[in-house]
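Hello,

Here is the structure I promised to pass on. Please open it and keep it beside you while you read my notes.

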Amino acid sequence: MERQEPDATFDDGMDSFLEKFQSQPYRGGFHESQWEEEFEKIPLFMKNSPSEIDPLENPDLACLQSIIFDEERSPEDQARTYKDEGNDYFKEKDYKKAVISYTEGLKKKCADPDLNAVLYTNRAAAQYYLGNFRSSLNDVTAARKLKPCHLKAIIRGASCHLELKNYVEAVNWCDEGLQIDATEKKLLDLRAKADKLKRTEQRDIRKAKLKEKKKQDQNEALLQAIKVRNIRLVAEAPGEDEDSASESVSELALYGLSSENPCGARLSVDEQGRLSWPVLFLYPEYAQSDLVSAFHEDSRFIDHLMVMFGETPSWDLEQKYCPDNLEVFFEDEDRAELYCVPPSSTLLQVLQHPRYFVKALTPTFLVCVGSSGFCRNYLQGKKVHQVK
Amino acid sequence: MSETSSKAEAAKLLPFLMLGERADLQAAAAQHVLALTGSGPGRTLLAGQAALLRSLVELAVAPPPAPARDAARALVNLAADPGVHKPLLEAEPGLPVRLLGCVLDPQWPWAEEAAAVLANLSREPVPCAALIEALAAAEPGESGLERLVRALCTPGYNARAPLHYLGPVLSNLSQCPATRAFLLDRNRCVVQRLLPLTQYPDSSVRRGGVVGTLRNCCFEHRHHEWLLGPEVDILPFLLLPLAGPEDFSEEEMERLPVDLQYLPPDKQREPDADIRKMLIETIMLLTATAPGRKQVRDQGAYLILRELHSWEPEPDVQVTCEKLIQVLIGDEPERGLENLLEVQVPEEVERQLQQQDHQEREQQELELDPGPQAEEAAPT
């Protein structure tokens with residue numbers, strides 16, 4: 001081959017280029033005050049790559065990028081580059097960017113199944129650390145379709161199932177992986193963990209079931225106790241209930257038994273099989289009320305009134321609400337009639353009255369001072385019965 | 001029939017058993033052989049016919065229309081008779097290998113019968129060793145034992161054969177230290193996969209085989225701490241079949257392993273008394289060392305055994321249960337006796353204990369486990 005003559009014009013051009021600076025200052029140098037920033041902008045000296053490459057800001061970097069991601073390279077090469085880019089982001093824990101890179105790599109649909117399997121598996125790992133366990137699972141499933149024995153995909157899949165609490169699936173995946181490598185420590189640990197969690201979960205289910213059954217049995221017993229005493233229950237809207245079968249009342253009652261009333265008081269039974277009810281006392285004169293959270297069915301009204309009105313309450317402006325003065329009534333809402341309850345009666349006796357209907361499992365009684373003007377007014381026009 | 005004429009009769013069957021013969025003749029001959037295997041003298045007769053035995057094995061592994069099932073069932077009966085093992089293996093030394101192939105073939109329809117033959121054979125040391133050799137010689141990559149364990153532990157491994165008899169096969173194999181070493185390999189997950197099978201509802205054969213395997217493994221006291229620890233967690237799986245629907249208090253419940261807490265009211269105990277006994281014996285083995293005893297105590301075994309004792313209908317199982325409870329609630333033994341498996345028993349004491357044992361057995365009239373037998377086909 002001929003030796004090429006050195007280009008004479010080139011040398012001249014260089015000399016004249018250099019001579020220029022004898023007279024003109026060099027303008028391409030760094031500015032003294034911001035030389036470090038400018039240094040950082042030169043791709044070769046960059047410590048961190050910028051997250052976005054703006055071709056106007058950083059033309060050199062944009063140029064390099066277009067070389068790497070040149071569309072004219074083979075899909076495999078491009079995919080490999082995206083994989084490397086994704087791996088770099090992954091190392092920096094920038095999992096979102098990693099996912100994007102891997103996705104770009106997969107979009108190339110290159111013909112190398114191993115490479116695609118790795119792209120899927122790596123993307124699955126990034127998704128895992130982002131907490132997107134289902135997406136991660138989808139990716140490792142795709143990876144396994146391409147490469148059934150890809151152990152990393154299997155380990156990742158088992159981990160995902162573990163996070164998703166699919167313990168049986170997690171164990172299955174571990175077993176499949178152990179068929180490929182029987183001593184893979186990560187799989188052994190995952191399997192033991194998943195198995196233990198599965199058994200603990202089964203225990204929790206059994207415990208909850210037993211608790212539920214116990215509660216149901218208790219409620220059944222309470223309902224039975226009410227039935228045996230011939231106490232009539234009524235739902236919130238007594239009108240609707242008259243026509244429906246008695247079962248719906250017991251259903252509603254069961255529901256009522258399960259939930260507490262707003263003050264947290266519930267019907268309960270003691271060791272001797274005696275009931276205690278939450279009882280509401282209403283004082284229409286002053287629009288006040290009292291809740292006795294556990295009124296034992298064998299205790300008398302007067303016993304409670306003595307305690308409740310030991311001191312006259314603050315709303316009792318005329319100080320007349322003393323236990324001896326009080327009269328207790330219950331209302332038969334259906335017939336709009338009142339029944340006067342002797343304070344010496346027990347709760348059970350009153351509840352068993354044929355016209356007493358317990359609403360929302362909370363017996364309610366009206367109290368006012370018998371001799372007062374209010375009471376006379378209140379009873380005006382209403383039919384009042386005396387309970388024996 | 002005189003002996004020579006019986007032999008002659010048997011010899012006449014031989015041609016019809018050869019491969020390539022007419023299927024209906026093969027089938028009839030196989031049925032006849034099967035009928036013979038139903039009786040002691042019949043088996044002895046066949047044991048003397050090496051060529052016939054060889055043909056039988058050929059038939060047992062042959063594809064349809066060969067009467068492989070009847071041939072296999074005949075082999076099951078023959079293998080149940082320890083006296084026939086030697087002539088059988090001499091006639092066909094490749095028997096373990098060939099049957100193993102059938103057992104591990106997920107498509108083979110008579111894999112259960114093949115497994116039953118191996119279960120019967122492996123009860124004796126010589127055939128057991130032959131089988132272990134066959135397993136070791138399997139193709140590289142996955143060991144034969146691993147394939148066997150997988151076939152046992154994978155539900156639906158063979159769609160046409162449940163492979164329950166792999167349980168007793170493994171149990172017999174675990175009499176060999178090499179098998180136990182494989183099962184107890186800490187770098188693998190082998191024994192852990194057997195544990196759920198202690199609750200396998202559909203087959204006492206499988207359950208018994210698995211529990212027998214676990215019991216044999218527990219002779220390895222060096223592995224006790226690992227077995228009782230979280231990586232294996234063997235104790236709950238041994239206690240669960242012994243536990244009933246007990247209603248423990250909240251405090252007692254929290255002391256039990258997770259698997260034994262809040263069991264439903266319909267929980268059944270292990271129905272087979274022999275298996276219950278083996279389970280208790282296995283736990284007993286785990287109490288041989290002081291740390292093992294502590295672990296077993298701490299995991300609440302006493303509560304389960306206490307309830308078992310009051311329920312247990314079988315006297316000898318109850319006695320075994322009592323002995324274990326004694327160990328659990330008893331004082332720690334003196335120095336030198338910490339590992340009961342390693343204690344040197346003086347000869348005289350040993351003799352006395354053996355005598356006592358013998359007397360106990362006579363009193364209870366223990367029967368030897370007859371092993372799996374195939375049903376007899378009625379002779380035509």
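In which sense do β5(A) and β6(A) pair, and over how many bridges? The sense is antiparallel, and there are five bridges. One caution before you go on: this is a predicted model.

Now take β6(A) itself. This strand spans residues 337–341 of chain A, and five of its five residues are buried, so the rest of the structure largely encloses it. A:Glu337, A:Tyr339 and A:Val341 point one way from the strand. A:Leu338 and A:Cys340 point the other way.

β6(A) has another pairing. It runs parallel to β9, residues 384–386 of chain A, over three bridges. Here A:Tyr339 has A:His385 in β9(A) as its bridge partner.

Next, a loop residue. A:Asp324 sits between α13 (301–308) and β5 (326–332) of chain A. Is A:Asp324 buried or exposed? It is exposed: its relative accessible area is 71%, and exposed means over 50%. A:Asp290 is 34 residues from A:Asp324 in sequence, and their C-alpha atoms are 18 Å apart in space.

Last, a record to compare with the model. An unreviewed UniProt entry annotates residues 180–225 of chain A as a "coiled-coil region". In the model, that stretch is 91% helix and 0% strand. Its end C-alpha atoms are 64 Å apart.

Best wishes

Notes. Residues numbered from 1 in each chain as written. Chains lettered and ligands numbered in written order. Predicted model: local features only at pLDDT ≥ 70, side-chain atom pairs only at ≥ 80, totals over all residues. Heavy atoms only, no water. UniProt positions renumbered as here; feature names shortened; annotations may be inferred. Helix = DSSP H or I, 4+ residues; strand = E, 2+ residues; numbered from the N terminus. Buried < 20%, exposed > 50% of the residue type's maximum accessible area, 1.4 Å probe, protein only. Pairing = 2+ DSSP bridges.
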